[in-house]
Amino acid sequence: MTIDINKLRAAHAATVEKLPTTTFRMLTDEDLRGAALPVIAFEVNFHYKAQQEQPYKATISEIKITRFGVKPGCSAESIDFISRGERYTGTADLFYPTKEDAQTYADQVLEENRAQTANEDFIALAHNEFPAILDEIERLRALLSQAIEVFSDTC
């Protein structure tokens with residue numbers, strides 16, 4: 001069994017990359033109080049491949065907030081908004097005030113998922129390579145033991 005040390009090193013390196021610290025702002029009710037409607041905000045839509053739990057890309061879409069306040073019979077502030085031609089009700093904190101905030105959030109999620117996948121890949125690779133690593137350690141121990149015997153006899 002041979003060890004693919006370069007593959008193992010590359011997989012490990014991918015797990016130790018530091019994630020960038022990002023700052024983004026979510027839309028708040030305070031942003032909408034007293035604002036002239038409609039208000040444009042942005043949403044993040046993540047895209048997934050079949051049988052995968054992690055998104056592989058994100059798109060940023062513009063939404064139009066058409067109502068803000070407490071609906072009759074309700075106890076909390078909400079919004080009505082139009083997204084991709086459909087009308088919905090929700091809360092302001094589902095969205096981002098700028099496209100840049102939405103993109104920063106999307107990039108952060110995708111990078112965190114990339115890091116998690118890299119960690120899972122490294123664990124799987126290390127698990128597969130571990131028997132070969134143990135064999136190599138034993139081989140090196142035997143060589144070291146032989147070298148100690150040879151050099152200790154000459155002193």
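Figure 1. Two strands pair if DSSP finds at least two bridges between them. Helices (H or I, at least four residues) and strands (E, at least two) are DSSP runs, numbered from the N terminus. This is a predicted model: local features need pLDDT of at least 70, side-chain atom pairs count only at pLDDT 80 or more, and totals for chains, interfaces and linings use all residues. Residues are numbered from 1 along each chain as its sequence is written, and side-chain values use heavy atoms, with hydrogens and water left out. The sheet is open, with 4 strands in the order β1-β2-β3-β4 and antiparallel pairing. β1 and β4 (86-90) are the edge strands, each pairing on one side only. From one strand to the next, the twist averages 35°; axes are lines fitted to C-alpha atoms, for helices over the stretch in contact, and angles run from 0 to 180 degrees between N-to-C directions.

Figure 2. Strands of a sheet pair through backbone hydrogen bonds, either parallel or antiparallel. β2 and β3 run antiparallel, joined by 7 bridges. Gly69 stands opposite Ser78 of β3. β3 and β4 also run antiparallel, with 5 bridges. Phe81 has Tyr88 in β4 as its bridge partner.

**Figure 3. Glu43 in strand β1.** Glu43 sits in β1. Glu43 counts as buried because its relative accessibility is 9%. Buried means under 20% relative accessible area, exposed over 50%, partly exposed in between (1.4 Å probe, protein chains only). Leaving out residues up to four places away in sequence, Glu43 touches Thr59, Ile60, Ser61, Ile63, Ser83, Arg84 and Phe95. Contact means heavy atoms within 4.5 Å.

**Figure 4. Asn45 in strand β1.** Asn45 belongs to β1, residues 39-48. At 15% relative accessibility, Asn45 is classed as buried. The Asn45 side chain makes a polar contact of 3.2 Å with the side chain of Ser61. Setting aside residues up to four places away in sequence, Asn45 touches Lys57, Ala58, Thr59, Ser61 and Arg84.

**Figure 5. Nonpolar cores.** A nonpolar core is a set of buried Ala, Val, Leu, Ile, Met, Phe, Trp, Tyr and Cys residues joined through side-chain atoms within 4.5 Å. The largest has 11 residues: Leu27, Leu32, Val39, Ala41, Ile63, Ile65, Phe68, Ile79, Phe81, Ala92 and Phe95. β1, β2 (55-70) and β3 (77-83) each supply at least two of this core's residues. β2 gives the most, with 3 residues. Apart from this core lies another, of 6 residues, among them Phe42, Ile60, Tyr96 and Ala106. Back in the largest core, Val39 touches Leu32, Ile63, Lys64 and Ile65, not counting residues up to four places away in sequence.

**Figure 6. The chain around these views.** The chain has 3 helices and 4 strands. From the N terminus on, its elements run α-α-β-β-β-β-α. Along its principal axes, the C-alpha trace spans about 95 × 35 × 25 Å. The radius of gyration is 27 Å, whereas a compact globule of 155 residues would have one near 15 Å. That radius is taken over C-alpha atoms, and the globule rule is 2.2 Å times the number of residues to the power 0.38. Of the 155 residues, 26% are buried.

Terms used. Polar contact = N/O pair within 3.5 Å; in protein donor to acceptor, adjacent residues only side chain to side chain.
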